[in-house]
Amino acid sequence: MSGPGTPTDPAPAGPGRPPSNRTVALAVLAATVVLLAAQVASGSSARLVLLLVFVPALLAGLGTLAQTVAAAVWVTGVIVVSSLVFPPPSVAGRALTLVGVVLAEAIGVLLCAGRLRRDRELFRMRQTAVALQRQILRPLPAPTSHALLDGRYRPVEEDALVGGDLYDIADTPYGTRVLVGDVQGKGLPAIGTGFAVLSAFREAVFREASLAGVALALENAVTRHNAYAAQGGEDERFVTATVFGLDGGSTVQAVNCGHLAPYLLGDGEPGAVPLDAGVPLGLAELAGLTGPAGEARAVQRFELAEDATLLLVTDGVTEAADAEDVFYPIDQRLRELPDRSPDALAAAVEEDVRRHSHGPLRDDLTILTLRRTPGSDRPGGS
């Protein structure tokens, strides 16, 4: 059974909920009363009640089709009655007013129908992208001989399309290899690029003895995918990623390709692992790196104790902004979290990010925890 952080969690809710019928009815009635009172107070020379024609137009962008039609019928009736009580100077003026009102209300109804149709199409496209991405990503938790990868992945809620976060873990003859990354942009094209990276990772980790060789395979995959995309008139994309390697020892190897540094949580104060950022996948040639991209990418090393946890995130966490556009201060918040246990860490960070942002996410939220398998650093533990 999948855990709470698997990519098989229930899909996000559909398009934004419209206002209730009660709210719409009260708002339309209040606008009618106010304008009719102003009409009576100003006399027959003013046609303030005609401002009601904007009510269905406003509902066209917020409400349902039934609400917009009901408001249009109500407004037309009110204006017709008002024209009888406060008639225009001529019969032609009365007819012209009625025609203009009916035309305006019809346009509002058509705009609402078009908006709802676009919303449904975007929602179906987004759900397709979410389902596709969740089929591509590995369910969590994912254990190997040397490590356990767990955490949470949440597709973006606010945009019409999901982002391009990706991750994977593989138990290979060369130890456990872990990938975390983020594709530039959103939508199906970003997922296509992410799938190219994941496919290259799943093939290269069993073929390449060195982590630099794996990074080179990922670079080549993005380069080939961009060339193919350019032939079809699509935008080229880059990918930020970090590849980790764990074996029977306590040392972790890492090749950082422009991704966020991981955070180490152990006995002491939590903090970012000081990894050189490197160049994102797909930009090695533009950055003027000498030699093959894999050779130019440094393999860095750091220690991961058996009782420590490595926190891997994407910019959906670090760039989650509050009402004042202040980014989530992950370094400070990690020190303040009351429970840093591996099982509770990802859930605590997700809850804290949502509390900080006060609303829907603007980007995919990927929070992964990586820790060593107990006994993997002892003889026979691998």
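Biologist: Which helix gives the most to the nonpolar patch?

Modeller: First, what counts as a patch: its residues have over 30% relative accessible area and no salt bridge, with nonpolar side chains (Val, Leu, Ile, Met, Phe, Trp, Tyr) joined within 5 Å and like charges within 9 Å. Helices are DSSP runs of H or I with at least four residues, strands are runs of E with at least two, and both are numbered from the N terminus. Here α3 gives the most, with 4 residues. Both α3 (65-85) and α4 supply at least two residues each.

Biologist: What kind of model is this?

Modeller: It is a predicted model, in which local features need pLDDT of at least 70 and side-chain atom pairs count only at pLDDT 80 or more, while totals for chains, interfaces and linings use all residues. Residues are numbered from 1 along each chain as its sequence is written, and side-chain values use heavy atoms, with hydrogens and water left out.

Biologist: Which residues form the nonpolar patch on the surface?

Modeller: Areas of this kind come from the Shrake-Rupley method with a 1.4 Å probe, and for residues only the protein chains shown count as cover. The nonpolar patch consists of Val-80, Val-81, Leu-84, Val-85, Leu-98 and Val-102, which together have about 510 Å² of accessible area. One of them, Leu-98, lies in helix α4.

Biologist: Is Leu-98 buried, partly exposed or exposed?

Modeller: Buried means under 20% relative accessible area, exposed means over 50%, and partly exposed is in between (1.4 Å probe, protein chains only). At a relative accessible area of 41%, Leu-98 is partly exposed.

Biologist: How many residues does α3 have, and what span should they give?

Modeller: The expected span of a helix is 1.5 Å times one less than its number of residues. The 21 residues of α3 should therefore span 30 Å, and its end C-alpha atoms are 30 Å apart, which agrees. Its buried residues include Gln-67, Ala-71, Val-75 and Ile-79. Helix α6 (residues 211-231) also has 21 residues, and reaches 31 Å from its first C-alpha to its last, close to the 30 Å expected. Among the buried residues of α6 are Leu-211, Val-214, Leu-218 and Val-222.

Biologist: Which residues form the positive surface patch?

Modeller: For charge, Lys and Arg count as positive and Asp and Glu as negative, while His and the chain ends are not counted. The place of a charge is taken as NZ of Lys, CZ of Arg, CG of Asp or CD of Glu. The positive patch is formed by Arg-117, Arg-118, Arg-120 and Arg-124. Arg-124 is in helix α4 (residues 91-136).

Biologist: How many salt bridges does a search of the whole structure find?

Modeller: A salt bridge is a side-chain nitrogen of Lys or Arg within 4 Å of a carboxyl oxygen of Asp or Glu. The search finds 12. In one of them, Arg-115 pairs with Asp-119, with the closest N and O atoms 3.2 Å apart. These two are 4 residues apart in helix α4, so about one helical turn separates them. Arg-115 is buried at a relative accessible area of 15%, whereas Asp-119 is partly exposed at 27%.

Biologist: Which parts does the pair of Arg-154 and Glu-350 tie together?

Modeller: The side chains of Arg-154 and Glu-350 meet in a salt bridge, at 3.1 Å from N to O. Arg-154 lies in strand β2 (residues 147-154) and Glu-350 in helix α10 (residues 342-357), so the pair ties together parts that are 196 residues apart in sequence. Arg-154 and Glu-350 are buried. Arg-152, Arg-154, Glu-350 and Arg-354 are linked in a network of salt bridges.

Biologist: Which residue forms a salt bridge with Asp-352?

Modeller: Asp-352 pairs with Arg-355, the closest N and O atoms being 3.0 Å apart. Both lie in helix α10, 3 residues apart, which is about one turn of the helix. Asp-352 counts as buried at 6% relative accessibility, and Arg-355 as partly exposed at 46%.

Biologist: Is the peptide bond from Leu-140 to Pro-141 cis or trans?

Modeller: That bond is cis, with omega near 0°. Pro-141 is in the loop between α4 and β1 (142-143).

Biologist: What is the phi of Asp-325?

Modeller: Phi of Asp-325 is near 60°, a positive value in a residue other than glycine. Asp-325 sits in the loop between α8 (315-318) and α9 (330-336), and counts as exposed at 53% relative accessibility.
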